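Subject: Handover of a structure, with notes

Dear colleague,

I am passing on the structure shown below, and I would be grateful if you could look through it alongside the notes that follow.

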Number of protein chains: 2
Amino acid sequence: MPDFVRRVPPGDDRERLTCPDCGFVAYENPKIVVGSVVSEGGRILLCRRAIEPRRGFWTLPAGYMEMAETVEEGARREAWEEARARIELEGILAVYSVARIGQVQVIFRAGFAEPDFAAGPESLEVRLFAWEEIPWDDIAFPTVHWSLHRWREMAGRPLGAPAGNPTEAEAAAMRRNATPLDPQPGL
Amino acid sequence: MPDFVRRVPPGDDRERLTCPDCGFVAYENPKIVVGSVVSEGGRILLCRRAIEPRRGFWTLPAGYMEMAETVEEGARREAWEEARARIELEGILAVYSVARIGQVQVIFRAGFAEPDFAAGPESLEVRLFAWEEIPWDDIAFPTVHWSLHRWREMAGRPLGAPAGNPTEAEAAAMRRNATPLDPQPGL
C-alpha cells in the first residue's frame, strides 16, 4: 500500500486516509455484521468458533455482510456457512453498534427451515442449548450476550422495534450473565 | 492506486480486489446509511439536495455512517448537518438493503428535540410537508418513498419490527405514489 496520509479532502469536514501522489481517498466506513438467534422448541443454536478471534468460544451464526446481498440474504448465508443450517427469518431482533471497532450488527430472530445442522468450516462444533445450558462463561463476544438476552426478552412475543445498544449497566449485568429482566413467560 | 486484480485470497471463497505486488486485499463491504423520518404534528421534514446525485430533489436527512459512532449518533448527526435540526429518535422504522449498490439504510422514526431547523450546507431548502403536500414526483431515491410509506403505515402506532425491503409490487406502487395500504387512522 502507498503511504497514505490523513488529510481533509475538499468539501469534507474530517480527515480521511488520502494517497499523497494521486489524491485517492480511502474512506473508512463501519462494517455490517449479519447474524441470527436461531431457535427450535426454546433451544438456541450456537457455534463454537474454529477461527480467531475467540477460537473455542461460542457465538451466533453471524459474519460480515458481502456486497450485492441484502441483510436477510447475508444472515441466511452465514447460518449455512457456519452451521450448515437452512433458516427462516422472522424479523430483526436488534441493531447493535460497536463504535469502537466500526461495526454495526443486524441480528435476526429465526427458526429452522430444515431440521438439520452441522459444523461448517469456521465452526468446531454446533449445538442447540436450552437457556439454562448456555455456556455463559465461554461466549465469544458481548453482542452475543446482548442478542441472547434480547431473544429471551422477546420470546413468545411479536417482535417490536429492534433493540439498540444496552446501557452500560445493562451490558454489565448481561456480562455477569444475570438476566436483568423480570421473570419471563415460558419460552 | 496500484492495479489491483481480482483473486481469491487463501482461506476465502470469493474473488477480492488484491494488490499483485504486496498481496494487500481491499475488502469491499456494504456501506451503512443512517437517516430519519422526522415529523411534527403529522408533517414530515424533507431536504432538497444541494449536491449530486439527484441535486434539486427531496430526501430525508440521511447519509453515510462514520467510524466511531453508533447508528443513533449517525442519524442525529445527519439531521444536524443537513437540516440543522436537533432530533429525538423513537426507534428504527426500517432497515433497507440496496444490494445493487452495496448499501444498507437504517431509518429511524424521530421527532424534534428543538423546534428550529434550517438548510445545512448539503441542502438547498428544508421544509415540513403534510402527507398530501409531499412532492412525490421530485423525491430523490426509492428508499425515501419506502420510508415515507412505512412512516405512514406506523403513524400513531408503537414501532414494530423494522420493515425490510418491499416486494417489487409494493415498491412499484410506492413509486406510483399510491399508498398501497388500507386507509390509515388519522396521522
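A residue is called buried when its relative accessible area is under 20%, exposed when that area is over 50%, and partly exposed in between, using a 1.4 Å probe and protein chains only. Helices (H or I, at least four residues) and strands (E, at least two) are DSSP runs, numbered from the N terminus.

Please keep in mind that this is a predicted model, in which local features need pLDDT of at least 70 and side-chain atom pairs count only at pLDDT 80 or more, while totals for chains, interfaces and linings use all residues. Residues are numbered from 1 along each chain as its sequence is written, chains are lettered from A and ligands numbered from 1 in the order in which they are written, and side-chain values use heavy atoms, with hydrogens and water left out.

Strand 8 of chain A (residues 87–98) has 10 of its 12 residues buried, so it is largely enclosed by the rest of the structure. Strand 8 pairs with strand 9 (residues 103–112) of chain A in the antiparallel sense over 10 bridges, where pairing requires that DSSP finds at least two bridges between the strands. Within this pair A:Y96 stands opposite A:Q105, and the two strands form a hairpin with 4 residues between them, A:G102 in the turn having a positive phi of about 65 degrees.

In chain B, 11 of the 13 residues of helix 2 are buried, so this helix is largely enclosed by the rest of the structure; among them are B:W146, B:L148 and B:W151. Just after helix 2 of chain B, B:G156 takes a positive phi of about 75 degrees.

Finally, chain A can be laid on chain B with an RMSD of 0.1 Å by a turn of 180 degrees and a shift of 0.0 Å along the axis, the superposition being by least squares on the C-alpha atoms of residues with pLDDT of at least 70 in both. The two copies are therefore related as by a two-fold rotation axis.

With best wishes
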